[in-house]
Amino acid sequence: MRFDELIESLEEINDETPHHIWVTIVSQEPRQFEIKADEKANLDKLQKIQQLLCQWQRSGVKRYRVRLLGFNSSHGNKQYLSCEHDIHGKVFACAPNRFLKQTFTWDELDQLRNDTRFKGIAYFDQLLRTGIEEVKDDED
């Protein structure tokens with residue numbers, strides 16, 4: 001999503017005067033924002049604004065999935081590098097699951113590659129070279 005599209009969409013949602021929801025774009029690279037609202041803010045509008053800003057934020061960062069080549073579940077499902085919450089916790093293989101973290105930025109993949117838990121494991125480094133698939137925004 002381009003910045004001008006974001007602004008136009010925000011103006012359509014937050015059309016009240018006086019405003020009760022304020023959005024600050026902290027940075028366009030990397031995409032960061034802040035939302036402030038007072039007690040009179042419409043919660044539905046606030047949620048729509050937050051969803052829109054999260055969509056804008058994600059659209060500016062390429063994300064990747066790491067297919068664990070040679071790993072399949074007992075049902076034949078492909079297995080992907082997975083985490084419960086973030087890359088600093090448990091890392092494991094799992095079939096696609098929207099409740100797990102299975103998409104990563106390039107920076108996160110570099111952090112994993114250099115993590116002492118995996119440093120020096122040739123197979124892990126090979127997975128990060130050969131099993132990477134770019135994730136499109138609509139696959140999220």
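How far is the sulfur of cysteine 94 from the closest cysteine sulfur, and in which residue is that sulfur found? The distance is 11 Å, to cysteine 83, which is too far for a bond. The legends below describe close-up views of a predicted model.

View A. A disulfide is a covalent bond between the sulfur atoms of two cysteines. The structure holds zero disulfides. Cysteine 83 takes part in none, and its nearest cysteine sulfur is that of cysteine 94, 11 Å away. Cysteine 83 has a relative accessibility of 0%, so it counts as buried.

**View B. Four strands form an open sheet in the order 5-4-3-6.** The pairing in this sheet is antiparallel. Strand 5 and strand 6 are the edge strands, each pairing on one side only. From one strand to the next, the twist averages 40°. Strand 3 and strand 6 run antiparallel and are joined by four bridges. Within this pair, tyrosine 64 has glutamate 134 of strand 6 as its bridge partner.

**View C. Helix 3 and helix 4 against the sheet.** Helix 4 packs on the sheet and touches strand 3, strand 4 and strand 6. The direction of helix 4 makes about 125° with that of strand 3. Helix 3 lies across strand 3, strand 4, strand 5 and strand 6. Helix 3 runs at about 50° to strand 3.

**View D. Helix 4, residues 122–130, has buried residues at Phe124, Leu127 and Leu128.** Seen down the helix axis, the buried residues of helix 4 fall within an arc of 95°, so they line one face. An α-helix has 3.6 residues a turn, so residues three or four places apart point the same way. Ala122 and Arg129, on the other side of helix 4, are exposed. The cover over the buried residues includes strand 3 (63–72), strand 4 (78–83), helix 3 (106–113) and strand 6 (132–135).

**View E. Glutamine 102 sits in the loop between strand 5 (91–94) and helix 3.** Is this residue buried or exposed? Glutamine 102 has a relative accessible area of 9%, which is under the 20% cut-off, so it is buried. A polar atom of the glutamine 102 side chain lies 3.4 Å from the backbone oxygen of cysteine 94. Leaving aside residues up to four places away in sequence, glutamine 102 touches several residues, among them Tyr64, Arg65, Tyr80, Leu81 and Ser82. Cys94, Ala95, Pro96 and Asn97 are also touched by glutamine 102.

How values were computed:
Residues numbered from 1 in each chain as written. Predicted model: local features only at pLDDT ≥ 70, side-chain atom pairs only at ≥ 80, totals over all residues. Heavy atoms only, no water. Buried < 20%, exposed > 50% of the residue type's maximum accessible area, 1.4 Å probe, protein only. Helix = DSSP H or I, 4+ residues; strand = E, 2+ residues; numbered from the N terminus. Arc of directions from axis to C-beta. Contact = heavy atoms within 4.5 Å. Polar contact = N/O pair within 3.5 Å; in protein donor to acceptor, adjacent residues only side chain to side chain. Disulfide = S-S within 2.5 Å. Pairing = 2+ DSSP bridges. Axes fitted to C-alpha atoms, helices over the stretch in contact; angles between N-to-C directions.
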